Amino acid sequence: ADQFDHKGSGDLIQDHFQLITFTKINELSIGLAGIDYLTKIRTQLKADIDFNKKDKIFTLKENELQINQLILSFAGSVRRSGEELVTDLKFKTNQNDLKSILSLIPAIYQKNIADINTSGQASLQGYLQGVYKENHYPAFHLQLSINDGMFQYPQSPAQVNDLNLHLVIDNAGGILDNTLIDLDKFHAKVNQEPIDVTLHIKTPISDPYFSATAKGNINLYDIKNLIPLEQDVDLSGLITSDLFIEGNLASIEKNQYDKFQARGNLSFKEINYSGSAIPEKVTVQQANLELKPEKVSLNFQALLVKIDVGANGSLENVLPFLLKGQTLKGILTL
């Protein structure tokens, strides 16, 4: 949390009083287990709390949490019982427009989101219920939905339409390993090119189970127009994907490839990038990755810092490398 300001008032010597608070954070980032969920989000919380010291109950009244342009209302209570916190909290969005959800994407929010044209319905709701104590977490549920969404910057040739998304993150309580992530639908058309993604994850800490698909074409020139980049950035090229994976990470670690499904291709064609982050223009004329349970086969041809570079070969242990930092293995001819 960067630039954190908080103020509050209440008659704290009373057994039962109202605590009026206001909190503002210019940049808030939240991550867990190496995954960034929110990055540099402008946040403010107006919270009026009914404080019952005798019964050790905090009751939220007329609360409003603003995350960039997304506004959530909270209701419920938190009660202390010995070393335990007993929670019963619910939240939901106060508005149903797509722009409020898009404001959570830093690249869009920081480039004057007020200018973007949107349509469609969006909602975010959830709850936190149960006991929190050492090594025990309450149940939590989060649901995000977008229906028939569209967004486009004025005077930009690129447009996203037919945007539909349904995401549920759920945990019945107890341990974090009980968390289920279910993205059963993500569909969008970028300049009429369809993109479809699904993702299902369970037991994310002990032995992550994945079931995921990704299919579609992405024109990077369209992405540059959809999400404004720095003025000196030049980006173009085509990415094509048709991927499927299903199984537990332990199956890969134990070389039990018969228990893990992985197939499909990811290709890059005429990718060009230049900008202040890299002093010379980078061009990938062509790159192809073929996915198999035991390895990822690849070949590519690129121009890096005025040097022609070609490579082909295979990489092993890719998922354990990405998820658990294990050693990446492979054989490449460069």
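Leaving out anything up to four places away in sequence, Ser251 is in contact (heavy atoms within 4.5 Å) with Gln256, Tyr257, Lys259 and Phe260. Ser251 belongs to helix α4, residues 249-253. Helices here are DSSP runs of H or I with at least four residues, strands are runs of E with at least two, and both are numbered from the N terminus. With a relative accessibility of 7%, Ser251 counts as buried; buried means under 20% relative accessible area, exposed means over 50%, and partly exposed is in between, using a 1.4 Å probe and protein chains only.

A word on the ground rules before we go on. This is a predicted model, where local features need pLDDT of at least 70 and side-chain atom pairs count only at pLDDT 80 or more, while totals for chains, interfaces and linings use all residues. Residues are numbered from 1 along each chain as its sequence is written, and side-chain values use heavy atoms, with hydrogens and water left out.

Now to Ile67, which lies in strand β4 (residues 57-67). Ile67 is buried because its relative accessibility is 12%. Setting aside residues up to four places away in sequence, Ile67 touches Ile41, Arg42, Leu72, Ser103 and Leu104. Its C-alpha is 8.8 Å from that of Leu45, a residue 22 places away along the chain.

Next, the aromatics. Rings of Phe, Tyr and Trp (its six-membered ring) pair if their centres lie within 6.5 Å; planes under 30 degrees apart count as stacked, over 60 as edge-to-face and the rest as tilted. That rule gives four aromatic pairs. Take Phe17 and Phe51: the ring centres are 4.8 Å apart and the planes meet at 65°, so this pair is edge-to-face. It bridges distant parts of the chain, with Phe17 in strand β2 (residues 16-32) and Phe51 in strand β3 (residues 35-52), 34 residues apart. Phe17 is buried at 6% relative accessibility, and Phe51 is buried too, at 18%. Ring pairs also bring in Phe58, making a cluster of Phe17, Phe51 and Phe58.

Elsewhere, the charged end of Lys202 sits over the ring of Tyr209, 4.9 Å from its centre. For that label, NZ of Lys or CZ of Arg must be within 6 Å of the ring centre and within 35 degrees of the ring normal.

Finally, some strand pairing, which needs at least two DSSP bridges between two strands. Strand β8 (residues 139-152) runs antiparallel to strand β9 (residues 160-171) over nine bridges, and Gly149 stands opposite Leu163 in β9. On to strand β10 (residues 180-190): β9 pairs with β10 in the antiparallel sense, over nine bridges. There, Ile169 has Ile181 in β10 as its bridge partner.
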